[in-house]
Amino acid sequence: MSQLNEALELAEKLHEGQVDKLGVPYINHVKYVSGCVTSHGETYAIVGLLHNAVEDTEITFEEIERQFGKIVCDGVEGMTKREGEDYFDDYLPRVKTNPISIIVKIADSGHNLSRNHLIEDPIIREKLKIKYTSVLRFLGASEETINSHLTTR
């Protein structure tokens, strides 16, 4: 079995029963993010599948490194927001220190932004729109990329 298939099976197991803000199974999000970065290689796709695993489940960085190696673990670690970390002052600058994390975070934020119009509460919707567009700009995404995610689908 390839490492990508192993990562998919692990992600499905870890995120079983979890849903996103819209009530959609969370695994759909990680699969989407992984699919967006597959063109960069298998390592990026694996990090896409596991990008929130440590933050949202019981798995540890040590387990990820043991199963998928240091490069994948470093990518996941770059994507994992720590308790007490400020999102823009601490977390995002750390994301920028890992090239895999940057690409995966752009895909992650882009997907979140592209679904933002589905959030019913206009105040939350606007707050998240500002957050995701700010993240994408901070990470160096083009205005064309940002605008493509703002298009209501």
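Q: In which helix does Asp74 lie?

A: This is a predicted model, and in it Asp74 belongs to helix α6.

Q: Is Asp74 buried, partly exposed or exposed?

A: Relative accessible area decides the matter: buried means under 20%, and exposed means over 50%. Asp74 has a relative accessible area of 26%, so this residue is partly exposed.

Q: Which residues does Asp74 touch, if those up to four places away in sequence are not counted?

A: With those neighbours set aside, Asp74 touches Asn98 and Ser101. A separation can also be given between C-alpha atoms: those of Asp74 and Glu58, residues that are 16 apart along the chain, are separated by 18 Å.

Q: With which residue does Lys70 form a salt bridge?

A: The general idea concerns helix geometry. An α-helix has 3.6 residues a turn, so residues three or four places apart point the same way. In this structure the partner of Lys70 is Asp74, and the closest N and O atoms of this salt bridge are 3.2 Å apart. Both residues lie in helix α6, four residues apart, which is about one turn of the helix.

Q: How many salt bridges does the structure hold by the rule used here?

A: The count comes to seven. Among them is the pair of Glu77 and Arg82, whose side chains meet at 3.2 Å, N to O. Glu77 counts as partly exposed because its relative accessibility is 29%, and Arg82 is partly exposed too, with a relative accessible area of 27%.

Q: Where in the chain are the two residues of the pair Glu12 and Lys31?

A: The side chains of Glu12 and Lys31 meet in a salt bridge of 3.3 Å, N to O. This pair links distant parts of the chain, since Glu12 is in helix α1 and Lys31 is in helix α2, 19 residues apart. Glu12 is partly exposed, with a relative accessible area of 34%, and Lys31 counts as partly exposed at 36% relative accessibility.

Q: Which residues of α2 are buried?

A: They are Tyr26, Ile27, His29, Val30, Val33, Ser34 and Val37. Seen down the axis of α2, these buried residues fall within an arc of 160°, so they line one face of the helix. What they pack against is α1 (3–14), α3 (42–50), α4 (53–56) and α8 (99–114).

Q: Which residues of helix α6 are buried, and what covers them?

A: In α6 (residues 70–79), the buried residues are Val72, Cys73, Gly75, Val76, Gly78 and Met79. Their cover includes α3, α4, α5 (61–68), α7 (87–95) and α8.

Q: How many disulfides does the structure hold?

A: There are zero disulfides in the structure. Cysteine residues can still be read by their accessibility. Cys73 counts as buried because its relative accessibility is 2%, whereas Cys36 is partly exposed, with a relative accessible area of 37%.

Q: Which residues of the largest nonpolar core touch the most other members?

A: In soluble globular proteins, nonpolar side chains tend to be buried together. Here the largest nonpolar core has 42 residues, and those that touch the most other members are Leu50, Ile64, Phe68, Val72 and Val76. Helix α8 gives the most to this core, with six residues. Leaving aside neighbours within four places in sequence, Leu50 is in contact with Ala7, Leu10, Ala11, Ile64, Phe68, Val72 and Val76.

Q: Where is Asn52 found?

A: Asn52 is in the loop between α3 and α4. Asn52 counts as buried because its relative accessibility is 12%. Apart from neighbours within four places in sequence, its contacts are His15, Tyr26, Thr57 and Met79.

Q: Is Asn116 buried or exposed?

A: Asn116 has a relative accessible area of 4%, so this residue is buried. Asn116 lies in the loop between α8 and α9 (122–138). Not counting residues up to four places away in sequence, Asn116 touches Arg125, Leu128 and Lys129. The C-alpha atoms of Asn116 and Gln18, which are 98 residues apart along the chain, are separated by 19 Å.

Methods
Residues are numbered from 1 along each chain as its sequence is written. This is a predicted model: local features need pLDDT of at least 70, side-chain atom pairs count only at pLDDT 80 or more; totals for chains, interfaces and linings use all residues. Side-chain values use heavy atoms; hydrogens and water are left out. Buried means under 20% relative accessible area, exposed over 50%, partly exposed in between (1.4 Å probe, protein chains only). The arc is that of the directions from the helix axis to the C-beta atoms. Contact means heavy atoms within 4.5 Å. A disulfide is a pair of cysteine sulfur atoms within 2.5 Å. A salt bridge is a side-chain nitrogen of Lys or Arg within 4 Å of a carboxyl oxygen of Asp or Glu. A nonpolar core is a set of buried Ala, Val, Leu, Ile, Met, Phe, Trp, Tyr and Cys residues joined through side-chain atoms within 4.5 Å.
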